[in-house]
Amino acid sequence: MKIVATDRNGVEQIVEGRDGWSVMEILRDAGLPIAAECGGACACATCHVYVTGDWLEKLPPKSDAETDMLDMALAVEPNSRLSCQITCKPELDGITVTVAPE
Amino acid sequence: MSTIETDVAIIGAGPIGLFAVFELGLLDLKAHLVDILDRPGGQCTELYPEKPIYDIPGLPIVTGQELTEKLLEQIKPFNPAFHFNQMASGLEKLPDGRWKLTTDADEEIVAPVVVIAAGGGSFVPKRPPIAGIDAYEGKSVHYAVRKMEAFRGKNILIAGGGDSALDWTINLAPIANKLTLVHHRDGFRAAQHSVNQMRELAAHGKINFEIASVKALHGADGQLSAVTLSNAEKKEWEHACDTFIPFFGLTMKLGPIAEFGLNLTENLIAVDTAKFQSTTPGIFAIGDINTYPGKLKLILSGFHEAALMAQEAFHICKPNEKLRFQYTTSSSNLQKKLGVA
């Protein structure tokens, strides 16, 4: 599966996802500016992305923990998600995300 | 200004800084620790106090908080000195070869060895990505409430949905001229009793609560006069206020360490893998802040790094003494230091 990721400068790149990995891990390892300070424990909100296009509705809904942790994110929008909580799977091939401002 | 002389100054009181106290203590080296947070534990207590950690050798499951408490118990015999709520702000080599570490609270620690165990850097408040916010910081935009009196009679806007946002909404409401809490949703991460209290204040007109986000700041010379709020329903509108206090938690920034003249690679300190010393003799880096071929950012790696660092720290601090390698299981000398013999 592929992830279409846009960085904070509006530069788009396509990165190869891996089933079962979190989108945060893929973006971080691809060198996108994802701090992921807590390492994927849904405990810091520094992997905040906007899920664009119609991909948001294709994702499983946010857990309470993710909703709560988004309170610590900046510039939260209705399409805000924590990328450590999105798991790569074939159905998400082509998902578009934009790294949120820091 | 106070000056302390010791063997080792440690920057960062996270798990690795704490364990370094143990390894140094076994070699009779005294340590002082500086941390910007108000308590020990670093990321373990700040980011994930309740999250279980499964890869600490010998502890099949332990939370960040428990690990910190166990480390504090382990280092208790060595009586480390903590300097909390302070950022290590300057590092200078003295003519006698020792280092002088300065903090932003004007403390000075003079030691032959400095150990940087600063993890991802200093925890500092998250700054909302609003254009021009830096011009207002310190004057009308604040990230913490240090003296409540400074906020008396103000027209305050607080942003956020965590405990700090709710607690300060409740505490500042009686002394503010007007207080508005703005949050992006009608739900809160904060403790339920604080949320109930805030809703009570709002119901009685003591505060205003807006479901919105702050889009822009307006004012002059660092003095705020209004902000632009926005939500899906009302679009954008101006809200008059003279004080803005955003509470979005903390994030890690390398901070002044970047200015210490060390050899940095992508904000990490390059070290050798025998001593975990930086390219500047006497300055060591252990834990998440360092880098070397094969580095893994794991707590257990930091523990190993602390042990090897301590060996070299001994040679620097006690150049005329011979280091005797001993085991805690068999050495009555070590057991005496630990208070068990």
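This is a predicted model: local features need pLDDT of at least 70, side-chain atom pairs count only at pLDDT 80 or more; totals for chains, interfaces and linings use all residues.
Local features need pLDDT of at least 70 and side-chain atom pairs count only at pLDDT 80 or more, whereas totals for chains, interfaces and linings use all residues. Residues are numbered from 1 along each chain as its sequence is written, and chains are lettered from A and ligands numbered from 1 in the order in which they are written.

Chain A contains 2 helices and 5 strands; helices (H or I, at least four residues) and strands (E, at least two) are DSSP runs, numbered from the N terminus. Read from the N terminus, the order of elements in chain A is β-β-α-β-α-β-β. The C-alpha trace of chain A spans about 30 × 30 × 25 Å along its principal axes. Of the 102 residues of chain A, 38% count as buried. A residue is buried if 20 or more other C-beta atoms lie within 10 Å of its own, exposed if 12 or fewer, and partly exposed in between, with C-beta atoms placed from the backbone. Among the contacts in chain A with a separation of 6 or more, 66% are between residues 24 or more positions apart. Two residues are in contact if their C-beta atoms, placed from the backbone, lie within 7 Å.

The contact between the chains takes 15 residues from chain A and 19 residues from chain B. On the chain B side, 7 of these residues are nonpolar, 9 polar and 3 charged. In this classification Ala, Val, Leu, Ile, Met, Phe, Trp, Tyr, Cys and Pro count as nonpolar, Asp, Glu, Lys and Arg as charged, and the others, Gly among them, as polar.

Chain B is assigned domain 1 (2–124 + 251–337) and domain 2 (127–248), with bounds that come from an automatic or database domain assignment. The centres of domain 1 and domain 2 of chain B, taken over C-alpha atoms, are separated by 38 Å.

The largest nonpolar core has 114 residues, of which A20(B), V115(B), I116(B) and A313(B) touch the most other members. A nonpolar core is a set of buried Ala, Val, Leu, Ile, Met, Phe, Trp, Tyr and Cys residues joined through C-beta atoms within 7 Å. Helix α6 (residues 299–317) of chain B supplies the largest share of this core, 9 residues. At least three residues of this core come from each of domain 1 and domain 2 of chain B. Apart from its neighbours within four places in sequence, V115(B) is in contact with V8(B), I10(B), A20(B), F284(B), I286(B) and M309(B).

In strand β12 (residues 155–159) of chain B lies A159(B), which is buried because 24 other C-beta atoms are within 10 Å. A159(B) and F248(B) are 89 residues apart in sequence, but their C-alpha atoms are 7.8 Å apart in space.

Strand β16 (residues 223–231) of chain B runs antiparallel to β17(B), joined by 6 bridges; two strands pair if DSSP finds at least two bridges between them. These strands, β16(B) and β17(B), form a hairpin with 3 residues between them, and A226(B) stands opposite A240(B) in β17(B). Strand β17 (residues 235–240) of chain B is hardly covered, with 0 buried residues among its 6.

An open sheet of 3 strands in chain B has the order β20-β21-β23 and mixed pairing. In this sheet β20 and β23 (290–291) of chain B stand at the edges, each with a single partner strand, so one side of each has no neighbour in the sheet. The pairing of β20(B) with β21(B) is antiparallel over 2 bridges, and T265(B) has L268(B) in β21(B) as its bridge partner.

The loop between β20 (264–265) and β21 (268–270) of chain B holds E266(B), and N267(B) lies in this loop too. Most residues other than glycine have a negative phi. E266(B), not a glycine, has a positive phi of about 50°, and N267(B), also not a glycine, has one of about 65°. E266(B) is exposed, with 5 other C-beta atoms within 10 Å, whereas N267(B) is partly exposed, with 14.
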